[in-house]
Amino acid sequence: MYLSGLALFSLAGFAIVTLMAAARDIRTKPIPQGLILTLLGGFLLLAAGSGWSREEIAASLIAATMVLFVGLLLSAMGWAEVNHGKLAAVFTLWLGAHQTLDFVLLSGLIGLFVTLLLACLPRLGWRAALKTGSRWFADQRGLPVGATLATAAIILIPYSPWVTSVG
């Protein structure tokens, strides 16, 4: 597999900003708009030069718009935070339209795993997990959704047009 320098640079930047968003979500909960805008701007600036076709870019923009719409709808219903919908949309943009369903399903599975882990570990006698689990549930902060989205995005990025279109 051959990656152009620009594609490699793009993937490295994506990974760094994605990990920053996940860490921020775990620590303090709100994901800064700057991280989301950095990912959006990075995609818009780098995708065409990294081997993406016009059709791939257009389809990715359409898929990301649909994910954003669903995220905003969930936020309006009180089931999610607005920034999580925006983050999911920008990750969809980077992963490509053909990865949208995989991304949504994998994010859901990772979220389910994290929920079960935080709920079950304190009952199994893990003292450190007791503090972590009780903090997430008692503070009603919700689960680290941004971290689950970031994990799914990092897992799926090797199957995106950043890698498969080049070479």
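Helices α1 and α2 pack through a defined set of residues in this predicted model. From α1 come L6, F9, S10, F14, V17, T18, M20 and A21; from α2, L35, T38, L39 and L46. By class, this contact holds 9 nonpolar and 3 polar residues, and no charged ones.

The geometry of the pair is as follows. Helix α1 covers residues 5-27 and helix α2 covers residues 33-46. Their axes come within 10 Å and cross at roughly 170°. An angle over 145 degrees counts as roughly antiparallel, so α1 is roughly antiparallel to α2.

Helix α5 spans residues 100-120. At 1.5 Å a residue, its 21 residues should span 30 Å, and the end C-alpha atoms are 30 Å apart, so expectation and model agree. Its buried residues are T100, F103, S107, I110, G111, V114 and L118. Seen down the axis of α5, these fall within an arc of 105°, so they line one face of the helix. The face turned away from the buried side carries exposed L101, L105, L109 and F113.

| Side of α5 | Residues |
|---|---|
| Buried | T100, F103, S107, I110, G111, V114, L118 |
| Exposed, turned away from the buried side | L101, L105, L109, F113 |

Now the whole chain. The protein has 8 helices and 0 strands. Along the sequence the pattern reads α-α-α-α-α-α-α-α. Of the 167 residues, 41% are buried. Among contacts with a separation of 6 or more, 75% join residues 24 or more positions apart.

How values were computed: Residues numbered from 1 in each chain as written. Predicted model: local features only at pLDDT ≥ 70, side-chain atom pairs only at ≥ 80, totals over all residues. Heavy atoms only, no water. Helix = DSSP H or I, 4+ residues; strand = E, 2+ residues; numbered from the N terminus. Expected span 1.5 Å × (residues − 1). Buried < 20%, exposed > 50% of the residue type's maximum accessible area, 1.4 Å probe, protein only. Arc of directions from axis to C-beta. Axes fitted to C-alpha atoms, helices over the stretch in contact; angles between N-to-C directions. Parallel < 35°, antiparallel > 145°, perpendicular 65-115°, else oblique. Contact = heavy atoms within 4.5 Å. Nonpolar A, V, L, I, M, F, W, Y, C, P; charged D, E, K, R; others polar.
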